[in-house]
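This briefing goes with the sequence and structure shown below. Look at them first, then read the points by topic.

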Amino acid sequence: LPPPVGSLQRCRVAHVLPRTTCRVITASEEDSISAVFELLARKRFLSCPVMSTWGQFLGIVDVLDLMEIVAEVCVQALPGGEFGAPGSPGVVHRTPQEWAEVLQGGAGKMDFRLKPVGSIINPKHQAPVDSDFSRDTPLLQVLKEGFVEPVLSGAASHIHRVVLQDHAHSCLELVTQSDVVKLLASCPALLEDLAQKPLHKLRMKLKKLNLVSVDTPAVEVVLMMHQFNLTAVGIVDSEGALVGNFSASDLRGFALANLPSLAQPVW
């Protein structure tokens, strides 16, 4: 739908979605982790709703869930590593050869790939599964109840997307943070006077930027993000200048067969 004239309070979920409903690709709770993430890699998706064997929505898995499993396997396979504070140039220091050996799955280190994907649904990464959102729901209600309140209450650590369901709790569509950002970028007038205010006057809670060096193995960055519950880190060069960032979006299209590549520098 075209954005309404005036206030964000008049927006509905439909304003951030395509005009026609697109079929959401879902996974069964009994599908293997390997099969689900190979599907995500082929489709270049970052996440996938998981349904019960009787068709009820159970939750969402995404590439960060996969990376958390990889991080846990790496820690178990290479005991004795010390985690540094966020912002340090590395977290658990090992040579690229050591990381590559672990990530190649020697001695059954990557056996998690055959486990059912339903076993890795993390309630800390999503809105309550019983949320009753639809295309007609006010957008501010979804932002408040789906994205903000679960994090502020501690029920979730971060939420990147929420699900629209029907009365039978079947997954219909996904609404992401990016969808909302795209709407606001295309229609800044919806923010009214907020659009012209500097960040320091919006009473936003700014977080410290966590940094890694360009030569840090990507797997160490994954470990750092897992240990300190981060969704992104900044990347700096040898002189400390910011040259990029690493986040879930960089894992779009990442296949399990490429796990050994995480032993290479992140930049």
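Methionine 51 has phenylalanine 57 of strand E3 as its bridge partner. The model is predicted, so local features need pLDDT of at least 70 and side-chain atom pairs count only at pLDDT 80 or more, while totals for chains, interfaces and linings use all residues. Residues are numbered from 1 along each chain as its sequence is written, and side-chain values use heavy atoms, with hydrogens and water left out.

**Strands E2 and E3**
- Strand E2 (residues 47-51) and E3 run antiparallel and are joined by five bridges; two strands pair if DSSP finds at least two bridges between them.
- Five residues separate E2 from E3 in a hairpin, and glycine 55 in the turn has a positive phi of about 90°.
- Of the six residues of strand E3 (residues 57-62), five are buried; buried means under 20% relative accessible area, exposed over 50%, and partly exposed in between (1.4 Å probe, protein chains only).

**The protein as a whole**
- Six helices and eight strands make up the secondary structure; helices (H or I, at least four residues) and strands (E, at least two) are DSSP runs, numbered from the N terminus.
- Along the sequence the pattern is β-α-β-β-α-α-α-β-β-α-β-α-β-β.
- The protein has 267 residues, and 43% of them are buried.
- Of the contacts between residues at least 6 apart in sequence, 65% join residues at least 24 apart; contact means heavy atoms within 4.5 Å.

**Helix H6 and strand E8**
- Helix H6 (residues 218-227) is largely enclosed by the rest of the structure, because eight of its ten residues are buried.
- Among the buried residues of H6 are Glu220, Leu223 and Met225.
- Their cover includes helix H2 (63-77), helix H3 (96-103), strand E6 (211-213), strand E7 (232-236) and E8.
- Asparagine 229, which follows H6, has a positive phi near 55°.
- Serine 247 is in strand E8 (residues 242-247) and counts as buried at 14% relative accessibility.
- Beyond its neighbours within four places in sequence, serine 247 is in contact with Thr231 and Ala232.

**Salt bridges**
- There are three salt bridges, where a salt bridge is a side-chain nitrogen of Lys or Arg within 4 Å of a carboxyl oxygen of Asp or Glu.
- Aspartate 62 and arginine 161 form a salt bridge at 3.3 Å, N to O. Aspartate 62 is in strand E3 and arginine 161 in strand E4 (residues 161-165), so the pair ties together parts 99 residues apart in sequence.
- Aspartate 62 is buried at 5% relative accessibility, and arginine 161 is buried at 12%.
- Arginine 135 and glutamate 173 form a salt bridge, with their closest N and O atoms 2.8 Å apart. Arginine 135 lies in the loop between H3 and helix H4 (139-152) and glutamate 173 in strand E5 (residues 171-176), so this pair ties together parts 38 residues apart in sequence.
- Both arginine 135 and glutamate 173 are buried.
- Glutamate 149 and lysine 144 form a salt bridge, their closest N and O atoms being 3.8 Å apart. Glutamate 149 is partly exposed at 35% relative accessibility, and lysine 144 is partly exposed at 48%.
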